[in-house]
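I opened this entry to keep track of what I looked up, in the order I looked it up. The structure goes in below, and my notes follow.

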Amino acid sequence: MNIHSIKLSIISMPLKAPFSSHLETVTEREAIIVEVTGKDGFQGYGEGVAFSSPWYTEETVNTSYHMLKDYLIPLLKQSPAQHPLEVIDRFSVFRRNHMAKAALETALWDLHAKRQNVTLSNLLGSNASEIPAGVVVATSSLPEAIKQTENYLAEGYTRVKIKISPENDLVYVPELRKRFPSLVLMADANSAYSLEDIDRLKALDEYNLLMIEQPLAFDDIVDHSVVQRELTTPICLDESIVTFDDARKAVQLGSCKVINIKIGRVGGLATAKRIHDFCKEKGIPVWCGGMIEFGISRAHNIALASLPGFTIPGDISGSNRYWDEDIIDPEVKVKNGYISIPKESGIGFQINKERMKKVTIHEEIFLF
Ligand SMILES: O=C(O)CCC(=O)C1=CC=C[C@@H](O)[C@@H]1C(=O)O
Ligand SMILES: [Mg+2]
């Protein structure tokens, strides 16, 4: 793809408020920003979405950096790709490390779209002009959860996700349902339950949740199929779906009725789109998951979520959900519950260089 150089930057920014689930409380977010510069001067951007420690998946900012620096960038230099679709196959010689792979692969998609002078959304096959927004309420205080939900509804959001575990589920869900009877509400368990909790999960059926996300183990597909048979509420898989074959097997087994697609978790846009295409064919609705990300990953999510199989609002909120000031210009904004798809080529947002400079804690350039 005629690459001149790749710059890796590690950035760090405090969240406006802590993001709490039963697994972790995030107060500060680090991420890797990948900037690929072509010999023609075009630049593509990607964002590594692994967290600082391995609480959500096994990857971290440091392991992603190591993969990019010591394996993925040298591999791309040694055997150049002609098209971003080729990259995933090339990277498959290295096991997993999907978030590191996606950080680089998405930057190449952005570069490719800019060179073709098309939006990334169009390049992926969409003609949509907007996507519905969704927001996550992640706090360990019920009054705070109620207050945040009220505020987000006032900002125009129409779909809210809360974090649940056996410690709070039968308090949070009934209380929020009572206060917001017609709210499109869903719950993410991040593997807080086991098969023994089946009655507890069944008790949630009466609260009209849009879905329950990842109730059982992060790497399970089989036990989820047992629980899904017992529940009327659809199960959505997040952590368990890291490859196309995971999605295929989960659908075949009846382990879920909905899939959350995260570009980073599945290793890039090519696999994300492949899972989307498969689910669309099988009648399985999908939505785009979030990673408490900065604007570059958010922009890639917007492009992906514009595809027609994304029939459920994703965890795609405005830049102001987490940040005082994002690293992109303009910031992502939610109006009447929707986010407009930018019309400029590639991801359609500019990098706010001044902001980037302020939040960068490390950078390195690799010449091709
Ligand atoms: O990006 C967002 O707005 C929310 C993302 C979100 O809910 C999650 C991100 C990462 C780990 C989890 O806690 C959670 C999820 O599992 O979907
Ligand atoms: Mg989740």
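I began with R177, which sits in helix α6 (residues 169-179). Helices here are DSSP runs of H or I with at least four residues, strands are runs of E with at least two, and both are numbered from the N terminus. I noted at once that this is a predicted model: local features need pLDDT of at least 70, side-chain atom pairs count only at pLDDT 80 or more, and totals for chains, interfaces and linings use all residues. Residues are numbered from 1 along each chain as its sequence is written, while chains are lettered from A and ligands numbered from 1 in the order in which they are written.

I then looked up what R177 touches. Leaving out residues up to four places away in sequence, R177 touches L185, Y207 and N208. Contact means that the C-beta atoms, placed from the backbone, lie within 7 Å. I also checked R177 against E167, 10 residues apart along the chain: their C-alpha atoms are separated by 18 Å.

**The sheet**

Next I traced the strands. 7 strands form an open sheet, in the order β5-β6-β7-β8-β9-β10-β11, with parallel pairing. Two strands count as paired if DSSP finds at least two bridges between them. The edges are β5 and β11 (286-288), each pairing on one side only.

I followed β6 (residues 159-163) in detail. Why do I call β6 largely enclosed by the rest of the structure? Because 5 of the 5 residues of this strand are buried. Both faces of β6 are covered, with R159, K161 and K163 on one side and V160 and I162 on the other.

β6 has a partner on each side in the sheet order. Strand β5 (residues 135-137) joins β6 through 3 bridges, running parallel. There, V136 has K161 as its bridge partner. Strand β7 (residues 184-188) pairs with β6 in the parallel sense over 5 bridges. K161 has M186 as its bridge partner in β7.

Further along, I looked at β9 (residues 235-237) and β10 (residues 258-261). They run parallel and are joined by 2 bridges. C236 stands opposite V258. From β10, V258 and N260 point one way and I259 and I261 the other, and all are buried.

**The annotated site**

Which residues does UniProt mark as "binding site"? The unreviewed entry places this feature at D188, E213 and D238. UniProt positions are given in the numbering used here, feature names are shortened, and annotations may be inferred rather than shown by experiment. The three are spread over 51 residues of sequence, yet they cluster in space, with a largest C-alpha distance of 9.1 Å.

D188 lies in β7. I count D188 as buried, because 24 other C-beta atoms lie within 10 Å. Beyond its neighbours within four places in sequence, D188 contacts K161, K163, E213 and Q214.

E213 is in strand β8 (residues 212-213). E213 is buried too, with 27 other C-beta atoms within 10 Å. Setting aside residues up to four places away in sequence, E213 touches several others, among them D188, C236, D238 and N260.

**Ligand 1**

I listed what surrounds ligand 1: 13 residues, the closest being Y56, V136, G290, I292 and D315. A residue counts as near when its C-beta atom, placed from the backbone, lies within 6 Å. The shell has 4 nonpolar, 5 polar and 4 charged residues. Ala, Val, Leu, Ile, Met, Phe, Trp, Tyr, Cys and Pro count as nonpolar, Asp, Glu, Lys and Arg as charged, and the others, Gly among them, as polar.

**The two domains**

I ended with the overall division. The chain splits into domain 1 (3-118 + 350-367) and domain 2 (122-340). These bounds come from an automatic or database domain assignment. Their centres, taken over C-alpha atoms, are 23 Å apart. 37 residues of domain 1 are in contact with 34 residues of domain 2. On the domain 1 side, α3 gives the largest share, 9 residues. That side has 21 nonpolar, 10 polar and 6 charged residues.

Key. Contact = placed C-beta atoms within 7 Å. Buried ≥ 20, exposed ≤ 12 C-beta atoms within 10 Å, placed from the backbone.
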